[in-house]
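Dear colleague,

I am passing on the structure below, and after it you will find my notes on what turned up when I went through it. Please read them with the structure open beside you.

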Amino acid sequence: MTFPEKLSIPSEVLQIAKKLEDAGFETWCVGGAIRDNLLRLENHDFDLTTSAPPAEVQKLFRRTVPVGIEHGTVAVLDAANQPHEVTTFRKDIQTDGRHAVVEFGVSLMDDLARRDFTINAIAYHPIRHEWRDPFQGEHDLEKKLIRSVGDPNWRFQEDYLRILRALRFSARFEFRIHARTLEAAKANAQGLAQLSAERVRDEWFKGLQTAKKMSKLVTLWRDVGATRIWLPELGGGDASGVDKLPRDPVLVTAYIAKDPASVLIRLKSSNRDIERGRAIGRWRDHYPDPRDSARVRKWLSATGEFADDLLVGASAAFKKAVAAIRAANPPLALRDLAVKGEDLIAAGVRPGPDVGAALARLLEEVLEDPARNTKEYLLSRV
């Protein structure tokens with residue numbers, strides 16, 4: 001692989017770079033967009049690194065957002081309100097494996113030297129069309145290799161999330177992880193326990209969404225020891241079946257975990273995602289006989305909004321039975337009944353819990369035979 005003479009940089013990014021350069025601040029394009037463009041993958045989200053301190057960036061541009069100003073990052077908004085991250089040259093001077101204290105006013109070389117992997121430590125000057133690749137990231141792209149910048153043990157101890165990033169990049173690009181980098185990832189895996197659940201969840205979900213094969217990501221997490229710390233419910237065994245699932249991180253996690261709700265709670269997922277996981281865990285091994293329409297209707301009623309998640313693991317015969325029932329549009333929930341609570345009260349049912357109990361009993365009858373869903377019949381059963 002050789003560097004192209006020029007990269008196609010979005011005009012908005014070019015304008016920001018030119019304004020910084022005109023003000024006397026060295027500015028380069030760095031990060032994932034450089035890597036992806038060299039791999040001929042579409043990515044127009046170019047980040048900029050500059051010698052300008054954050055305060056100077058804020059002075060130069062009228063519309064900015066201090067998205068990570070303590071780490072030197074300011075988002076510059078373009079005319080379409082799209083943010084473009086501009087980060088001051090920096091190096092880590094102190095870290096606890098989760099958070100880093102950085103120093104500004106360093107050089108581009110210092111900035112590239114603090115990056116995680118060689119393929120992410122390539123810089124391109126958008127105006128002079130020059131390249132900087134001090135750690136041979138170009139060669140590693142060609143070799144399809146994930147390799148740490150410098151000592152991999154130190155890189156991972158600076159921020160343990162880099163271990164999970166290595167696994168994600170390996171699964172996404174189908175790159176091999178360099179032997180020393182992989183060895184260091186395994187040796188430092190215990191440090192993953194220091195990370196916040198939100199950071200781990202985002203990395204796990206993003207990995208499932210971007211991996212060429214989700215099974216590859218699952219296998220890597222297991223081999224390195226990340227599942228032991230964060231996803232112990234995943235267990236061992238063959239992961240190939242995961243590739244047949246829809247690329248929905250919550251659904252995938254729920255189907256391959258022994259206790260889906262516990263995993264999603266540990267990852268501090270939303271209440272909605274936890275409920276999805278809990279429903280999948282409860283019902284995924286309990287599908288009625290597809291030939292028994294009444295039982296299928298009751299299953300649809302009980303699983304409610306989570307039925308489609310559960311159909312992912314169902315047999316073709318069961319899916320066909322559900323499709324036929326849905327086409328007939330039978331009543332499946334209390335709101336579908338031909339009578340309401342006030343109708344029962346008017347018929348003499350005592351207000352309060354008795355109304356709910358009566359409606360539930362009537363729904364059971366209607367699920368057995370949808371033809372019973374008439375006001376006359378239901379009131380006759382009160």
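The buried residues of helix H10 pack against helix H7 (161-173), strand E11 (176-177), helix H8 (179-187), helix H9 (197-210), helix H11 (226-230) and helix H12 (249-256), and please bear in mind throughout that this is a predicted model. Helix H10 itself covers residues 214-224, and its buried residues are Met214, Ser215, Leu217, Val218, Leu220, Trp221 and Val224. Residues three or four places apart in an α-helix point the same way, because such a helix has 3.6 residues a turn. After H10 comes Gly225, which has a positive phi, near 105 degrees.

Strand E4 (residues 73-77) is largely enclosed by the rest of the structure, because four of its five residues are buried. Strand E3 (residues 64-68) pairs with E4 in the antiparallel sense over three bridges, and Thr73 in E4 is the bridge partner of Gly68. The hairpin of E3 and E4 has four residues between the strands, and Gly72 takes a positive phi there, near 90 degrees. E4 also runs antiparallel to strand E5 (residues 83-88), to which five bridges join it, and Val76 stands opposite His84 in E5. In the hairpin that E4 and E5 form, five residues lie between the strands, and Asn81 in the turn has a positive phi of about 65 degrees.

Lastly, Phe3 lies in the segment before helix H1 (11-22) and is partly exposed, with a relative accessible area of 23%. Leaving aside neighbours within four places in sequence, Phe3 is in contact with Leu38, Ile122, Trp131, Asp133 and Glu138. The C-alpha atoms of Phe3 and Glu130 are separated by 9.5 Å, although the two are 127 residues apart along the chain.

With best wishes

How values were computed. Residues are numbered from 1 along each chain as its sequence is written. This is a predicted model: local features need pLDDT of at least 70, side-chain atom pairs count only at pLDDT 80 or more; totals for chains, interfaces and linings use all residues. Side-chain values use heavy atoms; hydrogens and water are left out. Buried means under 20% relative accessible area, exposed over 50%, partly exposed in between (1.4 Å probe, protein chains only). Helices (H or I, at least four residues) and strands (E, at least two) are DSSP runs, numbered from the N terminus. Contact means heavy atoms within 4.5 Å. Two strands pair if DSSP finds at least two bridges between them.
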